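Subject: Structure handover

Hello,

Here is the structure we discussed. My notes follow below it.

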Amino acid sequence: MPEMPEVEIIRRGLKRHLLEKQIVNIEVFLPRLIKWPEADAFKSMVIGRRITAANRRGKYLLLELDNGNTLVFHLRMTGRLLCVSPKDEQDAYRKIIFHLDDGELLVYADTRTLGTVYALKPGETWRISGLNNLGPEPLSEAFTEIYLEKILKKSSAKLKSFLLNQKYISGLGNIYADEALALAKIHPQRTGAGLTKLEIARLYQAINEVIAAGIADGGTTFRDYRNGEGGRGHHQEHLYVYGRNGKACLSCGAPIVKIEVGGRGTHFCPVCQLLEGK
DNA sequence: CAATAGCCCTGGTGGC
DNA sequence: TGCCACCAGGGCTATT
């Protein structure tokens, strides 16, 4: 599941391969993944253009084109975006292939086909409501402890749901949300309004820390995630709680528990992360 | 407005 | 061994 660290690693990989290359052709095997415009118009907006930048906002990947248009990808659960040479192109789940002028391929592959692809003209960000309503990112200047405190105090949502809501903070997904709460030693079912100033400070540090660690480890590969060059991440070796239900808490040794919060599987230590809080 | 339930989608898994 | 219900979960939409 690509979250902000994984998308950032993909972005860096793509940047190395794609800058200044021209997209000379596009093969679309599953048109419904292209959410705007429809496939033919999409192709005409993109074919013949050079890629001038590889950017990211939250979990959205943005390839800027030399005509001012932007190619937007959201990988959702199982989307993969990678640069390969034609002889290595063998992904059974390839859905869109962008042919580059040096013969290399940019392949969008997706097992569960939940990903979304768009081509936008300048100023058309509004077409993607999720992209248009992203909160500040962890590790960014806009993401301050003051900001976090302000929005937490206004929220009645359970913290797990709060952290997953991209309009408050962009980039956290199920893995890093659980990890941030574990590191901060805060129960996922508590609410923002109920946190002490000290807990907010811990949560703020923890969010930045788990995201930074995820990036430093090249992302978390459980099953599907691959970086822009097809390699795996290593952060799965450094997780505190995610996927560790039944295993010993790294801090106190108690078994990690898995529950459902807001419809999402949620992992936490019942000893370190108390409902009452401290 | 805000929280939540349902939905999309396919492959892996666990139970029988 | 084979079958099948169920789960994984990001984010949008409908509902309460």
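A pocket is an open set of points on a 1 Å grid over the protein atoms alone, where a 1.4 Å probe fits, with protein on both sides within 12 Å along at least five of seven lines; lining residues have an atom within 4 Å of a point. Volume is the space filled by probe spheres set on the points, which are joined across faces, edges and corners.

This is a predicted model: local features need pLDDT of at least 70, side-chain atom pairs count only at pLDDT 80 or more, and totals for chains, interfaces and linings use all residues. Residues are numbered from 1 along each chain as written, chains are lettered from A and ligands numbered from 1 in the order written, and side-chain values use heavy atoms, without hydrogens or water.

Pockets first. The largest holds about 710 Å³ of space. Its lining has 23 residues, with Lys-59, Met-77, Gly-173, Asn-174 and Arg-264 nearest the centre. The second largest pocket holds about 200 Å³. Met-77 is among its lining residues too, as are Arg-112 and Phe-222. Domain 1 (4–132) and domain 2 (145–268) both contribute to that lining, so the second largest pocket lies between them. The domain bounds come from an automatic or database assignment.

Now the DNA. A polar side-chain atom of His-74 sits 2.4 Å from a phosphate oxygen of DNA strand C. Arg-264 places a polar side-chain atom 2.5 Å from a base nitrogen of DNA strand C. Polar contacts here are N or O pairs within 3.5 Å.

Best wishes

Terms used
A polar contact is a pair of N or O atoms within 3.5 Å; within protein, one must be able to donate a hydrogen and the other to accept it, and residues adjacent in sequence count only if both atoms are side-chain atoms.
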